[in-house]
Amino acid sequence: MRVLISGSSGFIGSSLVSHLESTGHDVTRLARSRSGVNESSVFWDPERGELDPANLNGFDAVIHLGGESMTSHRWSQAQKDRIHNSRVNSTELLACAFQTATDPPSVFLCASASGFYGDRGDQVLTEGSEPGNDFLSDSTFAWERATDDIASAGVQVCNLRFGLILGQSGGVLARLLPIFRLGFGGRLASGRQYISWISRRDTVRAIEHILTNDSMSGPVIVSSPDPVTNTEFTSTLGKAVRRPAFFRVPKLALKITQGEVTDVVLASVRMQPSVLTESGFVFDHADLATALAWALNDY
């Protein structure tokens, strides 16, 4: 397939490009810098609303992975606006290009997030579960709704609700490993909150599976079928690096250092990838210990 990808240099995107190319797909990148445009990339500027619809012609699929990080900065109102706008506006720009291109792709996979559900305790969540009612839930809901016009035009659209993606060379493990290897790791707050996770290898395999499966549409949870509590996660990570994980970070300390981002860090999201498993996808790393063993050698 000829595939156009945004966010191709990111933690997921860089691995996805390599995986798709290794399995025979023809990948082109959406580039934000005109100077970086070459035979394997096309220019767009989502902040300025610049994307030539003709650049979508001839592709079989678009995979949209771009967006401001949710936890890289404290949440001022300006940062919240950046998180929301970077996701919704860029998706709306692609939707407009789909509708005006003369030969648009037939598949659109758009990143989404577990933040769609908000903080839901030990409730088991599937693709049919209702959204939460906080900022991140509202923003993620709007992000998914920005794809509606593409779907109504007959394009196969999937909203990829990613869990916490594990790989040593980036993401959350890149921040946690130095702490845990020094023996200072431990649970956050009560430790009872659920974490829905997935290895980066299974993430890119799942994306390709969805990409080439024309029976899938709508929201798709991209996460392991074995979510764990924060206590279980930190204990398993401690064992993986052969260090104790006895420390505990109180919620107040997180609030002081992280502000409102704490609500994301401590949100309990217990997702089950019903659509993905029912479609026949088989995880390489279905349990956390196996995923962490792989991730610690993921370069």
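User: How is a pair of packed helices described, and how do α1 and α6 cross?

Analyst: Two packed helices are described by the angle between their axes and the distance between the axes. Here the axes of helix α1 (residues 11-22) and helix α6 (residues 200-211) come within 9 Å and cross at roughly 60°. Helices (H or I, at least four residues) are DSSP runs numbered from the N terminus; axes are lines fitted to C-alpha atoms over the stretch in contact, with angles from 0 to 180 degrees between N-to-C directions. The model is predicted: local features need pLDDT of at least 70, side-chain atom pairs count only at pLDDT 80 or more, and totals for chains, interfaces and linings use all residues. Residues are numbered from 1 along each chain as its sequence is written, and side-chain values use heavy atoms, with hydrogens and water left out.

User: Why are α1 and α6 called oblique?

Analyst: Angles under 35 degrees count as roughly parallel, over 145 as roughly antiparallel, 65 to 115 as roughly perpendicular and the rest as oblique; α1 and α6 are therefore oblique to each other.

User: Which residues make this contact?

Analyst: With contact meaning heavy atoms within 4.5 Å, F11, I12, S14, S15, L16, H19 and L20 of α1 meet R200, T203, V204, R205, I207, E208 and L211 of α6. They divide into seven nonpolar, four polar and three charged (Ala, Val, Leu, Ile, Met, Phe, Trp, Tyr, Cys and Pro count as nonpolar, Asp, Glu, Lys and Arg as charged, and the others, Gly among them, as polar).

User: At what angle do α2 and α3 pack?

Analyst: Helix α2 (residues 77-100) and helix α3 (residues 135-145) pack at about 15°, their axes 9 Å apart. That makes α2 roughly parallel to α3. K80, I83, H84, R87, V88 and T91 in α2 meet F135, S139, A142 and W143 in α3; these divide into five nonpolar, three polar and two charged.

User: How do α7 and α11 pack?

Analyst: Helix α7 (residues 230-240) and helix α11 (residues 288-295) have axes 10 Å apart at an angle of about 45°, and are therefore oblique to each other. The contact joins E232, F233, T236, L237 and A240 of α7 to L288, A289 and L292 of α11. Six of these residues are nonpolar, one is polar and one is charged.

Conventions. Helices (H or I, at least four residues) and strands (E, at least two) are DSSP runs, numbered from the N terminus.
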